[in-house]
Amino acid sequence: MKLRLHNILKIEDADIEVGGLTVLTGENNSGKSTVGKILFSILKAANNVRQIDKMKTISLVRVELVALKNMFHGSDSASILGDVQDLSLNLVNGITSVDELRQLLETEAEKRNFSSRMMAIMRNRLVRIGDFIVKLDSPEMAVRDEFEAIAKSEFMEPLNSYGSKDSFIQFHDETTDADGSDIEICICDGKVDKVRLNGNSSLEDITYIESPLYLPILNTLRLSSPLPTASLAGLPDSLRKDTVPYHLADMADKILSGSEDLAGLYNQDSYGVDLRNQLDAISKVIGGKFELNNKTKQLAFNQDGHMVPPVSVASGVKSFGVMQRLIQTDSISTFKMLVWDEPEIHLHPEWQIVFCRMIVELVAKGVPIVVSSHSPYFVQALRYFASAKGIEKDVKYYMAEESDETMLATVKEVTDDLNRIFTRLAAPLRDIMNVDAVRNSMK
C-alpha cells in the first residue's frame with residue numbers, strides 16, 4: 001500500500017509505503033504528524049462512507065418523510081404521501097423521483113397557503129432526501145463531504161501548502177485484487193475539487209494515537225467531537241461542540257468500547273489473530289490492566305484488585321494502557337491500521353524498548369502500523385526487533401527534510417541508509433556530551 005502527497009500543508013512531496021511497519025522521522029515541524037493525520041482522514045472518510053448502506057439511507061429518508069407528512073396534517077394527509085415506508089423504498093430504489101414528490105408537495109402547499117418559512121422547511125427536507133439518495137449512488141460525493149468534515153476537524157485550515165493552489169492525496173492498496181484499489185483526492189484553493197474511487201481498500205478502519213494523556217477525559221472527548229463517533233451517531237447536535245480533532249473522539253470511542261465482553265475476544269481478534277501474548281506482556285510490564293465499568297462507562301487501572309483512576313496513573317503506564325485497550329476492543333488487526341505519533345515521549349528508555357518489541361510483534365502478526373519518532377533508542381529498538389523477528393523486509397524508514405528555499409518538507413525513504421536517521425537524531429546529544437571541554441572554555 002502506498003500514500004502519495006503533493007503540496008499538502010508542510011509536505012511538498014511524499015511517497016510512502018505502508019502496510020507493514022512504517023517509521024517516520026525528522027525534526028520538529030517537518031510534517032510527520034501531517035502524514036499520519038492525512039492518512040487517518042482519507043481512510044476514515046472512505047470507510048465511514050462504506051458503512052452507509054441502503055437500509056440506513058431508507059431510514060434517513062423515512063425520518064424526513066414523517067416530518068413532511070406532519071407538516072400536511074389534516075384529514076387528507078394520508079392520501080398526500082401514502083405509506084411512508086413504501087414511499088421511502090420507492091425513492092431509494094428510483095421508482096419515485098424526488099422531483100415528482102416535490103411537485104406534488106408544492107402544489108398541495110400552495111393550496112394550503114403555506115407561509116414562506118413553511119415552504120422553505122419543506123424544500124430543505126426534500127433537498128436532504130435528494131442528498132441522501134445521491135450519496136448512496138455517488139460514493140465519491142459522500143467521501144468528499146466526509147473527508148472535508150474530518151480534515152476541517154483535524155487541521156482547521158486549508159490543506160494546500162502555502163503559496164500552492166493545486167494539491168493531491170493518493171492512496172493505493174494493491175492487497176485487494178489484481179488491479180488494487182485507489183482513493184484520490186484533488187484539492188484546489190482549499191476545497192476538494194475531485195474525488196476518484198476504485199474498489200475498496202483491505203483496510204476497514206484506522207486509529208490515530210496522539211497522546212495517552214487523554215485517558216482521564218475520554219468521555220469529554222467523545223462529546224466534544226464535531227463528528228459523531230460510532231457509538232454516538234444519534235446524539236443531538238445541540239450537545240456537540242466543535243472543539244477537538246476527530247481522531248481524539250475516535251480514540252476515546254474505541255477505548256471506552258465494551259466489545260471486550262464478547263466471548264473469546266481476549267483470545268483472538270475477529271479475524272483469528274491470536275493476541276493473548278501481547279495482552280499478557282502488557283499486564284506484566286505495567287503490573288495490571290485497564291478495565292471498563294460497563295455500567296458507569298468509567299475506565300480504571302486494576303492493580304492487584306485496587307482500582308486506580310487514569311488521572312492517578314503514570315503517563316508511561318497510560319501508554320501501554322492505550323495499546324492494551326485497543327487490543328481488548330479489537331480496534332487493531334490485520335484489517336485495522338494503527339498510527340502512533342511519537343510513542344516514546346512518555347516512556348523511559350527501557351520501556352521504549354519494550355514498547356518497540358510489542359509493535360514489531362503486532363506487525364509480525366499482520367497488523368499495519370505507522371509510527372513517528374525523534375528517539376534514536378526507539379528507532380534502533382524497532383530495527384533490532386524487526387531483525388530478530390525476521391521481518392526486516394516489512395519495515396520501511398522515512399525522513400522528512402525541510403527545504404531552505406520553499407520551507408516545505410520532502411519525505412524520502414532512507415531504509416538503505418539508516419545512518420542518516422541516527423546522525424540527525426543523535427546530533428544534539430553529541431553537542432552536549434563533552435562537559436570537560438565546556439568547563440575549560442569557561443576558564
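In what order do the strands of the open sheet of 3 strands run, and is their pairing parallel or antiparallel? The order is S8-S9-S10, and the pairing is antiparallel. This is a predicted model.

From one strand to the next, the twist averages 40 degrees.

S8 and strand S9 (residues 298-303) run antiparallel and are joined over 5 bridges. Within that pairing, Lys289 has Asn302 in S9 as its bridge partner.

His306 belongs to strand S10. Its relative accessible area is 52%. The cut-off for exposed is over 50%, so His306 counts as exposed. His306 and Gly288 are 18 residues apart in sequence, and their C-alpha atoms are 9.5 Å apart in space.

## The 11-stranded sheet

A second open sheet holds 11 strands, in the order S6-S5-S4-S1-S2-S14-S13-S3-S12-S11-S7. Its pairing is mixed. S6 and S7 are the edge strands, and each pairs on one side only. The twist here averages 15 degrees from strand to strand.

| Strand pair | Sense | Bridges | Residues opposite each other |
|---|---|---|---|
| S1 (residues 2-8) and S4 (residues 166-173) | antiparallel | 5 bridges | Leu3 and Phe171 |
| S7 and S11 | parallel | 5 bridges | Ile209 and Trp340 |
| S11 and S12 (residues 369-373) | parallel | 4 bridges | Trp340 and Val371 |

Strand S11 (residues 336-341) is mostly covered, with 6 of its 6 residues buried. Both faces are covered. Lys336, Leu338 and Trp340 are buried on one side. Met337, Val339 and Asp341 are buried on the other. Trp340 stands opposite Ile209 and also opposite Val371 in S12.

S11, H12 and S12 together make a right-handed β-α-β unit.

Helices lie across parts of this sheet. Helix H11 (residues 315-328) lies across S7 and S11, and runs at about 170 degrees to S11. Helix H7 (residues 139-155) lies across S4, strand S5 (181-188) and S6. H7 runs at about 130 degrees to S6.

Gly199 sits in the loop between strand S6 (191-198) and strand S7 (205-209). Gly199 is exposed, with a relative accessible area of 55%. Gly199 and Lys318 lie 119 residues apart in sequence and 38 Å apart in space, C-alpha to C-alpha.

## The nonpolar cores

The largest nonpolar core has 58 residues. Those with the most contacts inside it are Leu21, Met323, Ile359, Ile369, Val371 and Leu382. Helix H12 (residues 349-364) gives the largest share of this core, 8 residues. Another core lies apart from it, with 44 residues, among them Phe147, Ile169, Ile187 and Val339.

What does Ile369 touch, leaving aside its neighbours within four places in sequence? Its contacts are Gly20, Leu21, Thr22, Leu338, Ile359, Leu362 and Val363.

## Helix packing

Two packed helices are described by the angle between their axes and the distance between the axes.

Helix H10 (residues 276-286) packs on H12 at an angle of about 170 degrees, with their axes 11 Å apart. Angles over 145 degrees count as roughly antiparallel. H10 and H12 are therefore roughly antiparallel. H10 contributes Gln278, Ala281, Ile282, Val285 and Ile286 to the contact. H12 contributes Trp351, Val354, Met358, Glu361 and Leu362.

Helix H2 (residues 54-71) and helix H6 (residues 116-137) have axes that come within 10 Å and cross at roughly 170 degrees. H2 and H6 are therefore roughly antiparallel too. On the H2 side, the residues in contact include Leu60, Val61, Glu64 and Leu68. On the H6 side they include Met122, Arg125, Ile129 and Phe132.

## A buried threonine in a loop

Thr96 is found in the loop between helix H4 (84-92) and helix H5 (98-111). Is Thr96 buried or exposed? Thr96 has a relative accessible area of 19%. Buried means under 20%, so Thr96 is buried. Beyond its neighbours within four places in sequence, Thr96 is in contact with Leu87, Asn90 and Leu91.

How values were computed:
Residues numbered from 1 in each chain as written. Predicted model: local features only at pLDDT ≥ 70, side-chain atom pairs only at ≥ 80, totals over all residues. Heavy atoms only, no water. Core = buried A, V, L, I, M, F, W, Y, C linked by side-chain atoms within 4.5 Å. Buried < 20%, exposed > 50% of the residue type's maximum accessible area, 1.4 Å probe, protein only. Helix = DSSP H or I, 4+ residues; strand = E, 2+ residues; numbered from the N terminus. Contact = heavy atoms within 4.5 Å. Pairing = 2+ DSSP bridges. Right-handed = clockwise from strand over helix to strand, strands pointing away. Axes fitted to C-alpha atoms, helices over the stretch in contact; angles between N-to-C directions. Parallel < 35°, antiparallel > 145°, perpendicular 65-115°, else oblique.
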